[in-house]
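Colleague: I would like to learn how to read salt bridges in a model. Please start with the general idea and then go to the case at hand.

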Amino acid sequence: MGKKVYTTSTIAFRAINYQTHMVTYALDLVSQSTSLLASTPDCPTKSDLTSKLSLAAQVARHTIHCSYDAAEAAVRSAAPASALCRYSWLKLQPLPDDSKAKIMDAPLDNNLLFGKNAVELFKNLQKKRQGAAGH
């Protein structure tokens with residue numbers, strides 16, 4: 001379940017990131033259009049176009065702000081999902097509780113569920129287990 005939550009939140013983050021880039025592009029386009037409109041001679045529709053471009057810029061800024069909030073929510077859901085994956089895996093392992101606590105507190109890694117520090121701890125535990133089995 002943790003993996004599904006993590007995957008969903010990271011996909012949501014990517015979609016939000018794409019949306020933010022597209023809206024930023026639209027805001028830049030509105031800004032350039034406003035500059036172009038300012039350099040044109042006065043006409044009856046110029047004030048109407050200026051107000052519509054101003055409104056479009058406000059909507060784009062609001063959308064960017066909402067995208068940042070949504071991205072923050074997606075990222076905040078990814079962290080507990082990683083902890084849930086770790087906890088689910090560790091619960092089934094025959095490890096001492098103090099070792100499980102150290103592994104749970106290990107920093108996250110992009111590619112590994114437990115990160116590089118936990119890999120070292122796993123190797124040390126495996127050596128201790130082999131040493132205990134040899135006696």
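**Reading the salt bridges**

Modeller: Being four residues apart in helix 2 (residues 46–91), Asp-48 and Lys-52 are separated by about one helical turn. Helices here are DSSP runs of H or I with at least four residues, numbered from the N terminus. This is a predicted model, where local features need pLDDT of at least 70, side-chain atom pairs count only at pLDDT 80 or more, and totals for chains, interfaces and linings use all residues. Residues are numbered from 1 along each chain as its sequence is written, and side-chain values use heavy atoms, with hydrogens and water left out.

Colleague: What is a salt bridge?

Modeller: Side chains of opposite charge can pair when their charged atoms come close. The cut-off is a side-chain nitrogen of Lys or Arg within 4 Å of a carboxyl oxygen of Asp or Glu.

Colleague: How many salt bridges does the structure hold?

Modeller: Three. Asp-48 pairs with Lys-52, with 3.9 Å between the closest N and O atoms. Arg-76 and Glu-72 also form one, at 2.7 Å from N to O, and both lie in helix 2, four residues apart. In the bridge between Lys-46 and Asp-42, the closest N and O atoms are 3.4 Å apart.

Colleague: Where do Asp-48 and Lys-52 fall?

Modeller: Asp-48 is partly exposed at 40%, and Lys-52 is exposed at 53%.

Terms used. Helices (H or I, at least four residues) and strands (E, at least two) are DSSP runs, numbered from the N terminus. Buried means under 20% relative accessible area, exposed over 50%, partly exposed in between (1.4 Å probe, protein chains only).
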